[in-house]
Amino acid sequence: MMTKKEQRLRRARQTRIRIAQQGVARLTVNRTNLHIYASVISGCGTKVLAAASTAEAEVRTALGAAGKGGNAAAAAVIGKRIAEKAKAAGVEKVAFDRAGFAYHGRVKALAEAAREAGLQF
């Protein structure tokens with residue numbers, strides 16, 4: 001019997017194999033109870049081109065009180081921020097890697113905010 005974490009990592013591995021075959025940059029998302037993290041990784045998978053998270057000092061002050069990084073509103077802020085950083089790095093199109101997490105709640109809010117900010121996937 002696999003644990004929840006092992007199941008999620010298995011799903012993530014399968015997704016990354018499909019994305020690697022495409023050879024495009026990928027927007028990967030990781031979430032914890034307190035924070036959400038997003039990175040744009042190069043097509044070869046060796047370089048992080050842009051990164052944003054609710055653990056950054058600027059974002060934490062913008063969100064207000066401590067513990068506000070684990071909600072959908074914070075995820076939307078990170079989605080917009082990662083899209084701006086990716087565009088500044090010269091990346092317009094990415095493949096969305098949700099790392100085995102369900103496309104729901106915070107992950108969905110981040111993806112929609114990134115799309116609205118001009119990132120295509």
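Predicted model: local features only at pLDDT ≥ 70, side-chain atom pairs only at ≥ 80, totals over all residues.
In which sense, right-handed or left-handed, does H3 pass H4 in the crossing?

**View 1. The crossing of helices H3 and H4.** H3 passes H4 in a right-handed crossing. The two axes come within 7 Å and cross at roughly 35°. On the H3 side, the contact is made by Ala72, Ala75, Ala76, Ile78, Gly79, Lys80 and Ala83. Helix H4 contributes Arg106, Ala109, Leu110, Ala113 and Ala114 to the contact. By class, the residues of this contact divide into 9 nonpolar, 1 polar and 2 charged.

**View 2. The buried residues of helix H4.** Helix H4 spans residues 106–116, and Arg106, Val107, Ala109, Leu110, Ala111, Ala113 and Ala114 are buried within that stretch. In an α-helix there are 3.6 residues a turn, so residues three or four places apart point the same way. The buried residues of H4 pack against strands S1 (26–31), S2 (36–41) and S4 (95–97), as well as against helix H3 (72–88). After H4 comes Gly118, which has a positive phi, near 110°.

View 3. Strand S2 pairs with S1 in the antiparallel sense over 6 bridges, and a hairpin of 4 residues joins S1 to S2. Thr28 has Ser39 of S2 as its bridge partner. S2 also pairs in the antiparallel sense with strand S3 (residues 48–53), here over 5 bridges. Ala38 has Ala52 of S3 as its bridge partner, and Ser39 stands opposite Ala51 in S3. The hairpin formed by S2 and S3 has 6 residues between the strands, and Gly45 in its turn has a positive phi of about 85°.

**View 4. The surroundings of Thr28.** Thr28 is found in strand S1. Because its relative accessible area is 11%, which is under 20%, Thr28 counts as buried. Leaving aside residues up to four places away in sequence, Thr28 touches Arg16, Tyr37, Ala38, Ser39, Ile41 and Asp97. Among these contacts, Ser39 is also the bridge partner of Thr28 in S2.

**View 5. The largest nonpolar core and Val40.** The largest nonpolar core has 25 residues, and Leu27, Val40 and Leu110 have the most contacts inside it. At least two residues of this core are supplied by each of S1, S2, S3, H3 and H4. In soluble globular proteins, nonpolar side chains tend to be buried together. Not counting residues up to four places away in sequence, Val40 touches Ala25, Arg26, Leu27, Lys47, Val48, Leu49, Ala50, Ile82, Ala86, Val91 and Val94. One of these contacts, Leu27, is also listed with Val40 among the residues that have the most contacts inside the core.

**View 6. The surroundings of Arg81.** Arg81 has its place in helix H3. Along the chain, Arg81 and Ala50 are 31 residues apart, and their C-alpha atoms are separated by 9.7 Å. With residues up to four places away in sequence left out, Arg81 touches Ala52, Glu56, Glu58 and Val59. Among these contacts, Ala52 is also the bridge partner of Ala38 in S3.

Terms used
Residues numbered from 1 in each chain as written. Heavy atoms only, no water. Buried < 20%, exposed > 50% of the residue type's maximum accessible area, 1.4 Å probe, protein only. Contact = heavy atoms within 4.5 Å. Pairing = 2+ DSSP bridges. Core = buried A, V, L, I, M, F, W, Y, C linked by side-chain atoms within 4.5 Å. Axes fitted to C-alpha atoms, helices over the stretch in contact; angles between N-to-C directions. Left-handed = near helix turned anticlockwise from the far one by under 90°. Nonpolar A, V, L, I, M, F, W, Y, C, P; charged D, E, K, R; others polar.
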